[in-house]
Amino acid sequence: MTPEILASDALGAATRASLWRLWRSAFDDFGDHDGAHAFGDLHALVREGSEVVAHASVVPRTVLIGTEAWAVGYVEAVAVAPERQRRRLGSAVMTALQDRLPGRYPVAMLATGEHGFYEQLGWERWRGPAYVVRDGVRVRCAEDDDALMALRLPGSDGLDLTAPVTCEDRPGDAW
Ligand SMILES: CC(C)(COP(=O)(O)OP(=O)(O)OC[C@H]1O[C@@H](n2cnc3c(N)ncnc32)[C@H](O)[C@@H]1OP(=O)(O)O)[C@@H](O)C(=O)NCCC(=O)NCCS
């Protein structure tokens, strides 16, 4: 099984509807903003019949690492249909997506509670403090510290995983 790679603007209405069904079944608390965050660059997905059963996407975000602005590939909405989990489908879509990242982004980031899954794909925990710029003010968001992870890519030489990281706010979860 080889995941499809599609740009957000190439996803038709039926695929988008299937993606929402997947996310709502895989997550307990998946909101409209979480889904909206998933669109903006590339998707890796696996279908069974007309339904998407595994998905991962990456979107561009500017993240301050220390005081330097990085063009980060931010991974969103990684999900496998509950009845298909632990059969490597999640790893397959992530691997397909990660293969597209070199040259596109110098580093990738994500926020998760499933660190073990991403560690076996080469991701590392972020160890520095998390911040968000909200209404022009940089505020600490300690609740996100443990969630953040990074994937080193060509161009991430010198990346300091202990540095403070700051994102712009957005509707829904900032990180
Ligand atoms: C997390 C998720 C995407 C993983 O996809 P998956 O297809 O079930 O995972 P895989 O079969 O590719 O897992 C490969 C390996 O990753 C690790 N792994 C997978 N899920 C894990 C978890 N929840 N906790 C710790 N390690 C995990 C295991 O080492 C696993 O190998 P094993 O099954 O031989 O032990 C999927 O379980 C899911 O959709 N969960 C609900 C939604 C979610 O939490 N998404 C991620 C949020 S950022």
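**Around the ligand**

Modeller: A backbone N or O atom of Arg86 lies 2.8 Å from an oxygen atom of the ligand, a polar contact, meaning a pair of N or O atoms within 3.5 Å. Val78 also uses a backbone N or O atom, 2.8 Å from a nitrogen atom of the ligand. From Gln120 a side-chain N or O atom is 3.2 Å from a ligand oxygen. Taken alone, the ligand exposes 890 Å², and the protein buries 74% of that (Shrake-Rupley areas, 1.4 Å probe).

This is a predicted model: local features need pLDDT of at least 70, side-chain atom pairs count only at 80 or more, and totals for chains, interfaces and linings use all residues. Numbering runs from 1 along each chain as its sequence is written, and side-chain values use heavy atoms, without hydrogens and water.

Of the 19 residues around the ligand, Arg86, Arg88, Gly90, Ser91 and Glu114 come nearest (around means a heavy atom within 4 Å). That shell divides into nine nonpolar, six polar and four charged residues, with Gly counted as polar.

The space the ligand takes is the largest pocket; sitting there requires more than half of its atoms within 2 Å of the grid points. S4, H3 and H4 each give two or more residues to the shell (DSSP runs, helices of at least four residues, strands of at least two). S4 (68-80) also supplies the largest share of the pocket lining, seven residues.

Conventions: A polar contact is a pair of N or O atoms within 3.5 Å; within protein, one must be able to donate a hydrogen and the other to accept it, and residues adjacent in sequence count only if both atoms are side-chain atoms. On a 1 Å grid over the protein atoms alone, a cavity is a set of points where a 1.4 Å probe fits but cannot get out, and a pocket is an open set with protein on both sides within 12 Å along at least five of seven lines; lining residues have an atom within 4 Å of a point.
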